[in-house]
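Please read the following note with the sequence and the model side by side.

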Amino acid sequence: MPVRTVVWGENIHEQTNEDVRALYPEGMHGAIAAALAEDGNIQVSVATLQDAEHGLSEERLAATDVLTWWGHRAHGDVSDEVVARVQRRVWEGMGLIVLHSGHYSKIFRLLMGTPCSLKWREAGERERLWVVNRGHPIARGLGDYVELPNTEMYGEPFAVPEPMETVFISWYEGGEVFRSGMTFQRGAGRIFYLSPGHETYPIYHNPEMQQILRNAVNWAYNPMPGWSSITQAPNVPIEQAREKLVQKGARLHADGEEGFR
Ligand code: ZN
């Protein structure tokens with residue numbers, strides 16, 4: 001079964017900035033999708049902010065195994081309804097790869113529950129991503145580190161929850177460091193945050209970055225059927241208990257009552 005992957009792009013800088021358009025004539029989402037399509041196990045399509053429902057209808061998300069997310073200047077234009085829909089699909093088991101400035105996207109902040117703030121500087125400085133978890137599938141095929149000649153600095157402290165795993169730690173020419181590749185899990189869904197990806201540098205044309213993206217999609221794929229009941233909170237009647245129970249003490253709720261949310 002191929003990993004059905006949707007590459008979501010905000011698609012604004014590519015339309016409004018000459019430098020970005022020159023680097024990514026097919027859009028950043030186009031470059032990311034092309035990199036993923038080199039993996040025969042990944043079935044890729046794209047969606048953008050401008051599409052109806054941002055290209056993320058209930059039907060399409062239900063048929064998506066992994067979603068990648070790049071946004072920057074229009075996080076606020078993403079509808080809360082679509083964000084809630086994506087959150088629910090992550091809980092059910094859809095993988096989510098959040099890229100670069102997506103740290104401030106509604107969906108990432110919602111899933112993290114923290115400010116997701118960080119330091120930054122746009123100086124075109126060198127970045128070295130050290131592979132600190134050498135046995136991790138997201139690091140497959142990489143050496144000790146990946147070096148990017150020009151990058152935007154993202155520096156610690158990065159206000160996210162303690163991750164499940166740290167795969168990469170970046171060093172920057174200016175001296176800062178950053179946890180540039182981290183994994184999380186929410187419900188049944190695996191989440192990977194990858195920091196390089198500033199729009200004025202050819203980050204997504206870098207073969208090693210492309211390898212990381214393919215690795216991340218394969219890692220985030222959960223082959224289990226979606227956990228569709230994950231938001232249900234059933235009130236189990238006493239007589240349906242697996243062992244015989246006798247009511248003790250006072251009760252607030254009646255049998256079968258839904259309870260409060
Ligand atoms: Zn940036």
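The numbered points below describe the arrangement step by step.

1. This is a predicted model, in which local features need pLDDT of at least 70 and side-chain atom pairs count only at pLDDT 80 or more, while totals for chains, interfaces and linings use all residues. Residues are numbered from 1 along each chain as its sequence is written.

2. Helices (H or I, at least four residues) and strands (E, at least two) are DSSP runs, numbered from the N terminus, and two strands pair if DSSP finds at least two bridges between them. In these terms the model has an open sheet of 9 strands in the order 2-1-3-4-9-8-7-5-6, with mixed pairing. Strand 2 and strand 6 (145–155) stand at the edges, and because each has a single partner strand, one side of each is left without a neighbour in the sheet. From one strand to the next, the twist averages 25 degrees; angles run from 0 to 180 degrees between N-to-C directions, with axes fitted to C-alpha atoms, for helices over the stretch in contact.

3. Inside the sheet, strand 5 (residues 119–131) and strand 7 (residues 165–172) pair in the antiparallel sense over 5 bridges, and V131 has F168 as its bridge partner in strand 7.

4. Helix 7 packs on the sheet, where it touches strand 1, strand 2, strand 3, strand 4, strand 6 and strand 9, and its direction makes about 165 degrees with that of strand 9. Helix 3, for its part, lies across strand 1, strand 2 and strand 3, and runs at about 175 degrees to strand 2.

5. Which residues of helix 7 are buried? They are I212, L213, R214, N215, A216, V217, W219 and A220, where buried means that 20 or more other C-beta atoms, placed from the backbone, lie within 10 Å of a residue's own. Their cover includes helix 3 (28–37) and strand 9 (189–194).

6. The largest nonpolar core has 65 residues, of which I97, A216 and V217 touch the most other members; such a core is a set of buried Ala, Val, Leu, Ile, Met, Phe, Trp, Tyr and Cys residues joined through C-beta atoms within 7 Å. Leaving aside neighbours within four places in sequence, A216 is in contact (C-beta atoms within 7 Å) with I97, I138, F192 and L194.

7. Beyond its neighbours within four places in sequence, H54 is in contact with A47, L49, V78, S79 and V82.

Notes:
Buried ≥ 20, exposed ≤ 12 C-beta atoms within 10 Å, placed from the backbone. Contact = placed C-beta atoms within 7 Å.
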